[in-house]
Amino acid sequence: MTDGDRWAWVEVDLDAIAHNVEVLAETVAPAEVWAVVKADGYGHGAVEVARTAIEAGASGLCVALVQEGVQLRRAGLTAPVLVLSEQPPETAPLIVEHDLTPTVYRRDFLQALVSAGPTDLGVHLKIDTGMQRVGVHPHAAAAVAESIVGRSPELRLAGVYTHLATADGVDDDSKGATADQLERFDDALARIPALDVAPRVHAANSAAAIAHADARRDLARVGIAAYGISPSDDLADHPTMRRLRPAIAVRARVSLVKQVRSASRISYGLRHRFDHDTTVATVPIGYADGVPRRLWATGGQVLIGGRRHPIVGVVTMDQLMIDCGDSDVRVGDEVTLLGAQGDDRIRPEEWAHRLDTIGYEIVCGFSERLPRLHRRSIES
């Protein structure tokens, strides 16, 4: 499907992805960059982003699901692929077959991997240093590491890592929590004799890669920053963040133009009442595509002809309406929901602010109904 098949689509600027990976690699050097391409590359297209990231200097890739790793392998990508949490034991044969790098922290899962018959399968041990989501307790890390080494030649301890919960904050509490986690991590590492085999050690996500040099270690797992989106408002003005370029644009075309009268109402519930005569454009994109239903109520805008216009009325499943005022708008005109048009740009972070969420949720929310157009040297 292309934008000629449907009047709504996502554009992804692969040059921006490459640029961002290069900047981040420069920032974290001598640590490696591993690009996080889970959730279909944060909505940007996992395979295309992964290829671009590797070409730009990333040494490895990270996913959330075994199925995501298999997709990369079937697309011909041969770089290391780390699966970021333990998976159902039933997936162990797929992990072995496709040479994925599993995360481990429970002996039951280790046994499932061994039962799948690997030879020298590299695994990464995850330590829970304070986020309390997944991982082995720091006091038990050495025992699990020794259990991995003891299952040689089937398994090999290829990495040890943790995940930082507050690296995207700049206040004293956030910095203190990050420092505490890194201290717990280092204490746990010091008790692991198996580290003599020199596995990769890592702790940095995008935020830590940008703002916490002591977290970079051997590699940085770079996700949201690779797409040019800030991990948080606190880091939006960081010098490294200012060098990055947003890669995504969401565009559509006007499907209908009509004149409406003052005092008339529009969309489900007739919640919006016009206080002036105006021109309204209908755009064939809605919440089934990933435009949040309540964006209209929080001041959501689009760009048409380089000018901002407000969304009016509840965003419906397949369509939304725009108050175009006295602008000369016609059927087929391009509408930019995210991205640049003229001298203006609407960023995912703008939607996030309006909706009290984060840029991650915005870009991950665009559905498969929207075709992805991967391009080089585009204005996104």
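**View A. The largest pocket has a lining of 27 residues, with Lys 38, Tyr 42, Arg 133, His 163 and Asn 205 nearest its centre.** Before going further, please note that this is a predicted model, in which local features need pLDDT of at least 70 and side-chain atom pairs count only at pLDDT 80 or more, while totals for chains, interfaces and linings use all residues. Residues are numbered from 1 along each chain as its sequence is written, and side-chain values use heavy atoms, with hydrogens and water left out. On a 1 Å grid over the protein atoms alone, a pocket is an open set of points with protein on both sides within 12 Å along at least five of seven lines, whereas a cavity is a set of points where a 1.4 Å probe fits but cannot get out; lining residues have an atom within 4 Å of a point. The volume of the largest pocket is about 570 Å³, where a volume is the space filled by probe spheres set on grid points that are joined across faces, edges and corners. Helix H2 (38–42), helix H9 (206–211), strand E9 (219–222) and helix H12 (359–364) each contribute at least two lining residues; helices (H or I, at least four residues) and strands (E, at least two) are DSSP runs numbered from the N terminus. By residue class, the lining holds 17 nonpolar, 5 polar and 5 charged residues. Here Ala, Val, Leu, Ile, Met, Phe, Trp, Tyr, Cys and Pro count as nonpolar, Asp, Glu, Lys and Arg as charged, and the others, Gly among them, as polar.

**View B. The second largest pocket has a volume of about 180 Å³.** Its lining numbers 16 residues, and Pro 80, Thr 101, Gly 122, Arg 156 and Ala 158 are the closest to its centre. Strands E6 (121–126) and E7 (155–161) each provide at least two lining residues, and E6 gives the most, with 3. This lining divides into 7 nonpolar, 4 polar and 5 charged residues.

View C. Around the largest cavity you will find Lys 126, Ile 127, Asp 128, Thr 129, Met 131, Gln 132, Arg 133, Val 134, Thr 162, His 163 and Gln 181. These lining residues are 3 nonpolar, 5 polar and 3 charged.

**View D. The largest nonpolar core has 118 residues, with Leu 72, Ile 285 and Leu 337 making the most contacts inside it.** A nonpolar core is a set of buried Ala, Val, Leu, Ile, Met, Phe, Trp, Tyr and Cys residues joined through side-chain atoms within 4.5 Å. Helix H1 supplies the largest share of this core, 8 residues. Zoom in on Ile 285 and, leaving aside residues up to four places away in sequence, its contacts include Arg 6, Ala 8, Val 250, Ala 252, Val 291, Asp 318, Gln 319, Leu 320, Leu 337 and Leu 370; contact means heavy atoms within 4.5 Å. In soluble globular proteins, nonpolar side chains tend to be buried together.

**View E. Cis peptide bonds join Ala 29 to Pro 30 and Ser 152 to Pro 153.** For the Ala 29–Pro 30 bond, omega is about 10°, and Pro 30 sits in the loop between helix H1 (14–28) and strand E2 (32–36). The Ser 152–Pro 153 bond likewise has an omega of about 10°, with Pro 153 in the loop between helix H7 (141–149) and E7. Most residues other than glycine have a negative phi, and most peptide bonds are trans.

**View F. Ala 39 and Ala 263 have a positive phi without being glycine.** Ala 39 has a phi of about 55° and belongs to helix H2. Its relative accessible area of 35% makes Ala 39 partly exposed; buried means under 20%, exposed over 50%, and partly exposed in between (1.4 Å probe, protein chains only). Phi of Ala 263 is near 80°, and this residue lies in the loop between strand E11 (256–260) and strand E12 (265–266). Ala 263 is partly exposed too, at 38%.

**View G. A search of the whole structure finds 0 disulfides.** Cys 62 is in no disulfide, as the nearest cysteine sulfur, that of Cys 364, is 15 Å away, whereas a disulfide is a pair of cysteine sulfur atoms within 2.5 Å. Cys 62 counts as buried, at 0% relative accessibility, while Cys 364 counts as partly exposed, at 37%.
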